[in-house]
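Morning, everyone. Have a look at the model on the screen while I talk you through it.

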Amino acid sequence: MSRVLHWVMASVIIYATVAGYVMHYATSHPELFSFLSVLNMSLATIATPLLVIRYIWSHFRLSPTMPVSIPTGQQCLAKLAHSLMYLVMFMVFSTGYLMLKEPYSLFWLTTVNNLITDPAINSFFFYLHRASCIALACLIVLHISAALKHHYVSRNYVLKMML
């Protein structure tokens, strides 16, 4: 369950990151921009409850046994980094909804109305969304770096547990 939630969330975040930056360059191609935008918001709509489930699950599942070579302080830092990732993912998703100036299509099936219609407030949340995306990208780079460090430098089984 932990691995499935991890890789589903990772896939959505990787797609959303790539699509978010591609959309900046696709503004002159309305069809591509619209497709990426609908898919981005639709996946975020699915990922938001999965994030809540993943966060709750992380508190009730049995914690995996870490290699004895990992100091307690480093394990605490890893838990802090994961908690920050959950928080920042929630910020990315919530500000993504709150920045919308218009309703969006959920997988081209139904329309979801935007929660806030004041352009000044939408712009504020757009700024927070971009800042949250940058923070999440930094945390993901840290997360991937730590996993690779455990595999190639420490030569322990932490990365294998994730796979």
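Let's start with a residue in a loop. Trp108 is partly exposed, at a relative accessible area of 46%; here buried means under 20% relative accessible area, exposed means over 50%, and partly exposed is in between, with a 1.4 Å probe and protein chains only. Before I go on: this is a predicted model, so local features need pLDDT of at least 70 and side-chain atom pairs count only at pLDDT 80 or more, while totals for chains, interfaces and linings use all residues. Residues are numbered from 1 along each chain as its sequence is written, and side-chain values use heavy atoms, with hydrogens and water left out.

Now, aromatic pairs. Rings of Phe, Tyr and Trp (its six-membered ring) pair if their centres lie within 6.5 Å; planes under 30 degrees apart are stacked, over 60 edge-to-face, and the rest tilted. The structure has four such pairs. One of them is Phe35 with Trp108, a stacked pair at 5.4 Å centre to centre with 25° between the planes. What does that pair tie together? Phe35 is in helix H2 (residues 30-60) and Trp108 in the loop between strands S1 (104-106) and S2 (110-112), so the pair links parts 73 residues apart in sequence. Phe35 is partly exposed as well, at 41%.

Another pair is Phe124 with Phe125, edge-to-face, at 5.4 Å and 70° between the planes. Phe124 is partly exposed at 46%, whereas Phe125 is buried at 17%.

On to H2 itself. Helices (H or I, at least four residues) and strands (E, at least two) are DSSP runs, numbered from the N terminus. H2 has 31 residues and reaches 45 Å from first C-alpha to last, close to the 45 Å expected at 1.5 Å a residue; that expected span is 1.5 Å times one less than the number of residues. H2 bends by about 25° at Ala47, and Pro49 follows within four residues; the bend is the angle between axes fitted to the seven residues ending there and the seven starting there. Ala47 is also one of the buried residues of H2, which include Leu36, Leu39 and Leu51. These buried residues pack against helix H1 (2-25), helix H3 (72-98) and S1.

Finally, the whole chain. There are five helices and two strands, running α-α-α-β-β-α-α from the N terminus. Of the 163 residues, 33% are buried. The C-alpha atoms fill a box of roughly 50 × 30 × 30 Å along the principal axes.

Note on methods
Contact means heavy atoms within 4.5 Å.
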